[in-house]
Amino acid sequence: MSRRDNIRRAKEIIAARRAESISSYEKNTAEISRKLPEYADIDKSLSLTGSKIMAAALGKNDVECKLEEIKKEYEYLAAKKSEILINNGYPEDYCDIKYHCPICSDTGYVGIEICGCLKQEIIKASLESSGLYSLVKSQTFESFSLDYYEKDDKILMTRNVELLKNFSYNFVPGKSDSFLFLGATGLGKTHLSSAVATRVIEGGAYVVYESALKLFGDYEAKRFGNAGYYSESDEDTDRYLECDLLIIDDIGCEMTNQFTVSCLYNIINTRMLRHLSTIISTNLTQTDLRKRYSDRIVSRLFGEYKPLIFRGSDIREQKIRNSFNNK
């Protein structure tokens with residue numbers, strides 16, 4: 001899903017909220033008008049307030065006095081409406097429009113500025129489309145613990161965390177670095193990838209986070225799709241080349257062949273030419289990478305990407321041991 005799709009989806013949610021609020025208001029107002037005719041008569045009188053103000057403003061005599069009279073009349077009738085509702089067992093605000101966001105009245109904008117409610121929905125849509133939504137609460141910078149590392153490994157990982165925090169909090173599309181995460185399984189590569197992606201999305205950038213298996217699966221779907229027709233698989237692969245930050249998790253877990261190597265080279269090379277940031281994580285060593293992929297790929301990874309080494313003991317195994325010890 002593209003950034004444009006995320007924004008459109010977020011706007012649709014805000015628009016649906018506004019429609020729901022107005023529908024509820026109209027339903028409640030119709031009910032009260034039917035049951036309490038006196039309320040309906042007052043409501044009709046109040047609807048004429050605008051035209052009365054316009055007529056008074058266009059008059060030549062005693063404009064201020066007339067406007068003050070209109071104001072007093074309005075306040076009296078509004079109070080009378082509330083009194084009728086309360087006396088008949090309804091909440092005072094029963095016929096008010098109750099917007100989900102009182103700041104923008106569910107329009108998504110305050111003047112020409114985007115309201116916080118729309119920003120949050122755009123972030124949510126971006127997280128969902130990037131594949132990160134389920135990881136947001138559990139895999140953040142705040143939840144990443146250095147207690148599982150010791151001595152030199154802890155020093156190394158502390159530096160990695162600070163470097164990635166600085167990268168994500170100061171991310172600039174088209175101008176930020178690319179990284180290669182190297183290390184055995186269970187050392188925090190996926191956790192920190194998720195933390196980076198979440199923060200960069202919150203900053204307003206377009207992020208795609210995907211496993212190597214899913215990424216190459218999308219290219220396979222495009223390859224064997226209907227030739228000559230634009231399909232969803234085309235959109236899936238386009239996003240890998242267009243997003244501000246692409247994160248590919250666990251390179252090396254896929255079935256490597258000439259096709260996947262060609263796809264990976266295209267992604268890396270195209271994004272380099274477009275100056276777009278990429279993070280690739282792998283359990284493979286530099287030697288393993290060279291054996292599995294072409295020299296063109298490995299030379300770009302180690303020449304253009306900043307390698308971050310992950311060292312330590314498998315965190316998952318440590319957590320399992322700790323859980324048994326605490327029983």
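Which residues line the largest cavity? The lining consists of Ser45, Leu46, Thr49, Lys52, Ile70, Glu73, Tyr74 and Leu77. The model is a predicted one, in which local features need pLDDT of at least 70 and side-chain atom pairs count only at pLDDT 80 or more, while totals for chains, interfaces and linings use all residues. Residues are numbered from 1 along each chain as its sequence is written, and side-chain values use heavy atoms, with hydrogens and water left out.

A cavity is a set of points, on a 1 Å grid over the protein atoms alone, where a 1.4 Å probe fits but cannot get out, and lining residues have an atom within 4 Å of a point. By this rule there is 1 cavity of 30 Å³ or more. The largest cavity holds about 50 Å³ of space, a volume being the space filled by probe spheres set on grid points, which are joined across faces, edges and corners. Helices H2 (37-46), H3 (49-58) and H4 (63-87) each give two or more residues to this lining, and H4 gives the most, with 4 residues. Helices (H or I, at least four residues) and strands (E, at least two) are DSSP runs numbered from the N terminus.

Two of these helices also pack against each other. The axes of H3 and H4 lie 9 Å apart at an angle of about 170 degrees; axes are lines fitted to C-alpha atoms, for helices over the stretch in contact, and angles run from 0 to 180 degrees between N-to-C directions. H3 and H4 are therefore roughly antiparallel, a term for angles over 145 degrees. In the contact (heavy atoms within 4.5 Å), Thr49, Lys52, Ile53, Ala56 and Ala57 of H3 meet Val63, Lys66, Leu67, Ile70, Glu73 and Tyr74 of H4.

A further helix pair is formed by H10 (residues 258-273) and H12 (residues 295-304), whose axes are 10 Å apart at an angle of about 35 degrees. Here Val261, Leu264, Tyr265, Ile268, Asn269 and Met272 of H10 face Arg296, Ile297, Arg300, Leu301 and Glu304 of H12 in contact.

Open space remains to be described. The largest pocket, an open set of points with protein on both sides within 12 Å along at least five of seven lines, contains about 380 Å³ of space. Of its 20 lining residues, Gly186, Gly188, Thr190, His191 and Arg316 are the closest to its centre. Helix H7 (189-202), strand S5 (245-251) and helix H13 (315-325) each supply at least two residues of that lining.

Key. Angles under 35 degrees count as roughly parallel, over 145 as roughly antiparallel, 65 to 115 as roughly perpendicular and the rest as oblique.
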